[in-house]
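Subject: A structure for you to explore

Hello,

Here is the structure I promised to send you. Please open it alongside this email, and then read on for what I found.

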Amino acid sequence: MSLFTITSDRSNKDIPHGMSLLEAKIHYQAMSNGFVSRLSKPVVQKYGDRWIFRGDASQSSLKGYGAEQLIAECKEDVLVYCAPRVGMAMDAIATLAKMYDKKCVFFCPASGEPSKHQKALLAYGADLRFIKIAAMPTLNSYAKKWAEQHGAKYLPFGLAKTPLVTAGIVRLGMYIAEQIDEEPTEIWMSVSTGTAIRALQIAWPEALCKGIVVARNMHDGEIGHATLWSASQPFLKDVSLSKRPPFPSTANYDAKCWEDFDNFAAKGSIFINVGTDDKVNEFYDQVKDIPLDSQRVWHDMRDLERGL
């Protein structure tokens, strides 16, 4: 059963109008000229005649490599992001904020109990705030408004619509190609907002792109030339142990694409393992006993009204 609809549109909204893939690659490379990363080089592992990007074994997840320049060059001292119950972007933001001496404010959907991914952010010294909402776009509008009022830097959900993040992922693609001495023939990954798969198409213009949509419907401009199919399980449901990769991954996200990659990927393909639950669990264990009131009723805006 397919849970999500996938557009048939083949455009990539992160390619500037009128540019080819190669021209877009040059464009984004130029944006990173002169930037010196503080992150170590990404870990790439050989897997038979294929490759694996090991975000779990690297200093940061894929989103961290993508967002580093944005956060490093950000003039604001406070970063604002909406943290869903599960996701690697918020951990990447918290990691980079600590590296570049920034403060993080995460707005989260109110719930009876915060998720491990959310509560683990306390280990970085993050400020978690809760609002009862019907949908994430509402929370994002609240967070953006709060950031504007308090001189903070609002980061869009999934780090989408942010050219410097696309440039960062293109730069990551260059690092990977240097390590394996070639560009991958195929890209295999799980897809949510599409930020990463669009950027990797730009980084490796000749590569085919394949993956599984795990979280939401995909709209025009969001998938580029990728061939995608829908997950049959809800986003928060973990894939079974027998279908997970033989290295740390995220059971409800990256791991859902592993079985297809293992069975069908061509020689020279690369599997993108964005991050791992293990890191989240490690940080969660450090803060799990800290009391955290995450329950709110409708119209309780205390956390939105509170300043820094």
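Helices (H or I, at least four residues) and strands (E, at least two) are DSSP runs, numbered from the N terminus.

Two notes before we go further. This is a predicted model, in which local features need pLDDT of at least 70 and side-chain atom pairs count only at pLDDT 80 or more, while totals for chains, interfaces and linings use all residues. Residues are numbered from 1 along each chain as its sequence is written, and side-chain values use heavy atoms, with hydrogens and water left out.

**Back to tyrosine 253**

With a relative accessibility of 18%, tyrosine 253 counts as buried. Buried means under 20% relative accessible area, exposed means over 50%, and partly exposed is in between (1.4 Å probe, protein chains only). Leaving aside neighbours within four places in sequence, tyrosine 253 is in contact with Ser190, Val191, Ser192, Val214, Phe235 and Val274; contact means heavy atoms within 4.5 Å. The C-alpha atoms of tyrosine 253 and isoleucine 212 are separated by 9.3 Å, and these residues are 41 apart along the chain.

**The whole chain**

The protein chain has 10 helices and 10 strands. Its radius of gyration is 19 Å, close to the 19 Å that the globule rule gives for 308 residues, so the chain is as compact as a globular protein of that length. The radius is taken over C-alpha atoms, and the rule is 2.2 Å times the number of residues to the power 0.38. Along its principal axes, the C-alpha trace spans about 55 × 45 × 35 Å. Buried residues make up 56% of the 308 residues. Among contacts between residues at least 6 apart in sequence, 71% join residues at least 24 apart.

**The inside**

The largest nonpolar core has 82 residues, and Leu62, Ile93, Phe106, Trp204 and Ile272 touch the most other members. Helix H6 (residues 163-180) gives the largest share of this core, 9 residues. A second, separate core of 15 residues includes Val80, Leu139, Trp146 and Leu304. A nonpolar core is a set of buried Ala, Val, Leu, Ile, Met, Phe, Trp, Tyr and Cys residues joined through side-chain atoms within 4.5 Å. Beyond its neighbours within four places in sequence, isoleucine 272 has contacts that include Phe53, Leu62 and Trp188.

Now find helix H7 (residues 195-203): 9 of its 9 residues are buried, so H7 is largely enclosed by the rest of the structure. Glutamine 201 lies in this helix and is buried, with a relative accessible area of 1%.

**Two backbone details**

Which residues have a positive phi without being glycine? One is leucine 159, at about 55°, and another is histidine 299, at about 75°. Leucine 159 lies in the loop between strand E6 (153-154) and H6, and at 0% relative accessibility it counts as buried. Histidine 299 lies in the loop between helix H9 (277-287) and helix H10 (302-305); with a relative accessible area of 73%, histidine 299 is exposed.

Enjoy looking around, and write back with any questions!
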